[in-house]
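Q: I am new to reading protein models. Please take one part of this one and walk me through it closely, strand by strand.

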Amino acid sequence: MGWEALSQWGADVARIEPLSGGVANDVWSVRVRGHLAVGRLGTRSDADLAWETELLCYLDREGLTVPVPIPTTDGRLFADGLVVMTHVEGGPPETQAEWRRVADVLRRLHRVTQGWPQRPGWRSSIDLLSAETGTRIDLTAMPSEGVARCRAAWARLIGCGTCVVHGDPNPRNIRMTADRVALIDWDESHVDVPDLDLALPHNAAGLDGNAYDIAAQASAAWEAAVCWDDEHAVRRLTEVRAV
């Protein structure tokens, strides 16, 4: 249906301007019921969108600041591939102290989502020690030597607990104000080992040397695999040590 689906949020809705939203979605600022919001149109399955929107509603109830899905006029959290969410103000973290605040929020996310079911169709980094595909990851498309390096990095995570990870906590996906930290763009969120979120600038999560190395290597391997083979993925793979 495309953006015609926006009419399911009411008669007074309007698209305003496109926003940067990655390669997988068409993202616009929209006006819904007199308020500025964000609309994201993509090709995710209904099961995938149900997982994401239910997660966001849960995190909002738990007191985390996230984009909250705005229901259609008949109460659905998404329709025909379109999700409409609250607009979140703020700027990216810049200082070491601000990144520490981000780390605190990520750890809170990890605590409140232990035991959460996996996103439909996704694989964790541990799953990919034996599996070859999962949503956007296809290890068969990577050089075999690169796959071996990625799996060696992920193997160091064996035995760690799992929870929901944001999956892409870069500055563009963080909106800070003086009194709160918001995480936006949950398109890459899934259940995995929390280390994938914690290789932050300034080592803001306070990991010891070995723990930071494990997190940094696992995170670089994940980004290489999930984005293969664009320029960013190739660069990230160079950061993963040879086996």
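A: Start at the hairpin of E2 and E3, where two residues lie between the strands. There, Arg33 takes a positive phi near 50 degrees. A strand here is a DSSP run of E with at least two residues, a helice is a run of H or I with at least four residues, and both are numbered from the N terminus.

This is a predicted model, in which local features need pLDDT of at least 70, side-chain atom pairs count only at pLDDT 80 or more, and totals for chains, interfaces and linings use all residues. Residues are numbered from 1 along each chain as its sequence is written, and side-chain values use heavy atoms, with hydrogens and water left out.

E2 covers residues 26-32, and E3 covers residues 35-41. They run antiparallel, joined by seven bridges. Two strands count as paired if DSSP finds at least two bridges between them. Val32 stands opposite His35 in E3.

E2 has another partner. Strand E1, residues 14-19, pairs with E2 in the antiparallel sense over five bridges. Within that pairing, Glu17 has Ser29 of E2 as its bridge partner.

E4 spans residues 82-86. Ala37 stands opposite Thr86 in E4. E4 is mostly covered too: four of its five residues are buried.

Now step back to the whole chain. Its secondary structure comes to five helices and ten strands. Of its 243 residues, 49% count as buried. Take contacts between residues at least 6 apart in sequence: 65% of them join residues at least 24 apart. Contact means heavy atoms within 4.5 Å.

Last, the overall dimensions. The C-alpha atoms fill a box of roughly 60 × 40 × 35 Å, taken along the principal axes. The radius of gyration is 18 Å, which agrees with the value near 18 Å for a compact globule of 243 residues. That radius is taken over C-alpha atoms, and the globule rule is 2.2 Å times the number of residues to the power 0.38.

Terms used:
Buried means under 20% relative accessible area, exposed over 50%, partly exposed in between (1.4 Å probe, protein chains only).
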